[in-house]
Amino acid sequence: MQTRTRRLRSTEAIRKLVRETRVSSSALIYPLFVRAGTGVVEPLPAMEGQTRYSADTVVKAVEAALQVGVSSFLLFGLPDSKDEIGSGAYADDGVIQQSLRNLKGAFQDDICLITDLCLCEYTSHGHCGVIANADVDNDATLALLAQTAVSQAAAGADIIAPSGMMDGTVATLRAALDTYGMIQVPIMSYAAKYASAFYGPFRDAAGSAPQFGDRKSYQMDYHNSREALRRVLADVDEGADMIIIKPALTDLDIIARVSDATKIPIAAYSVSGEYAMIKAAAKLDLIDEYKAMCESAVTVFRAGAGMLITYFALELAEAIKRGDIG
């Protein structure tokens, strides 16, 4: 006897009750750009609605985010000067170190501060490490990344997030943090970071575009999926506590594969180009910005991510409060 699956006509209350994918504001991570100086509140033309702050004004940005329920932040720094070895990244008075101290002084444990760990914002050439023979010297870069991780953790970082894609980064950072007694500081590795066309607005906001060549020698080819899984598992073996997959919407298959292969917490990064596309299309009345924002966020969680790094964090938190997602 053939049975037939009934398709029920449900009310909105029932639809919300039986949702398979639920989103919480506690799973949202808001990226913030902090530059050298004081009193800076600078709109970013390439990322409508986003702002560049200084170490003093970023406190107000976090305060506003907390009011809508967002309490986790990913910090990117822009120094007042750059050099060949990115020394501003690990300076005790660097812009991120100052920001961490100010934010922890104001909010203590009410917030989670994640620091992006890479040298590209601090090097004069815009690459993610020390240059030798026109290419990034992996091992020389690792020593500077370790120094930066210790400096950021000492200033108050709750989580260190290395994004430079150097081989052996996680093991190097774990050893350095442990040596300085920072054994409880987790590492959130950008384990699967593709060389993507969707990073353009970010590079403008962070002043991190490479001055020559590109980053394809150390970021991943977007044709590859098995490579992503290998890199994730390698970073887990080295001691990563969480991983980031980036970009988000073009890598939903990668999120799903990693989610099936490991139980490590996954953060998907909905990058600047994804944000800018929704904004631009909405401006031309091609899509509904609010609905597109909600739908794209939910698909990332549906694919298997447990956290979402997004420039729409504040708006999504409001949508969750209204019950439109969540």
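Ile14, Leu17 and Val18 form a nonpolar patch on the surface, with about 300 Å² of accessible area together. Such a patch joins nonpolar side chains (Val, Leu, Ile, Met, Phe, Trp, Tyr) within 5 Å, from residues with over 30% relative accessible area and no salt bridge. A salt bridge here is a side-chain nitrogen of Lys or Arg within 4 Å of a carboxyl oxygen of Asp or Glu. Areas follow the Shrake-Rupley method with a 1.4 Å probe, and for residues only the protein chains shown count as cover. Ile14 sits in helix α1 (residues 12-17). Ile14 counts as partly exposed because its relative accessibility is 41%. The classes are buried (under 20% relative accessible area), exposed (over 50%) and partly exposed (in between), with a 1.4 Å probe and protein chains only.

The model is predicted: local features need pLDDT of at least 70, side-chain atom pairs count only at pLDDT 80 or more, and totals for chains, interfaces and linings use all residues. Residues are numbered from 1 along each chain as its sequence is written, and side-chain values use heavy atoms, with hydrogens and water left out.

Now the whole chain. It holds 11 helices and 12 strands. These are DSSP runs numbered from the N terminus: helices are H or I with at least four residues, strands E with at least two. The C-alpha trace spans about 70 × 45 × 40 Å along its principal axes. Buried residues make up 54% of the 326 residues. The accessible surface comes to about 15100 Å², and 50% of it belongs to carbon and sulfur atoms.

Next, helix α3. Its 13 residues should span 18 Å at 1.5 Å a residue, and the end C-alpha atoms are 18 Å apart, which agrees. The expected span is 1.5 Å times one less than the number of residues. Buried residues of α3 include Val95, Ile96, Leu100, Leu103 and Phe107. Their cover includes β1 (28-35), α2 (58-68), β4 (72-78), β5 and α4. Gln108 follows α3 and has a positive phi, near 50°.

Helix α4 (residues 138-155) has 18 residues. From first C-alpha to last, α4 reaches 26 Å, close to the 26 Å expected. Among its buried residues are Leu142, Leu145, Ala149, Val150 and Ala153. The buried residues of α4 pack against α3 (95-107), β5 (112-117), β7 (135-136), β8 (159-162) and α5 (169-179). Gly156 follows α4, with a positive phi near 130°.

Technical notes: Contact means heavy atoms within 4.5 Å. Patches are made of residues with over 30% relative accessible area and no salt bridge: like charges are joined within 9 Å, nonpolar side chains (Val, Leu, Ile, Met, Phe, Trp, Tyr) within 5 Å.
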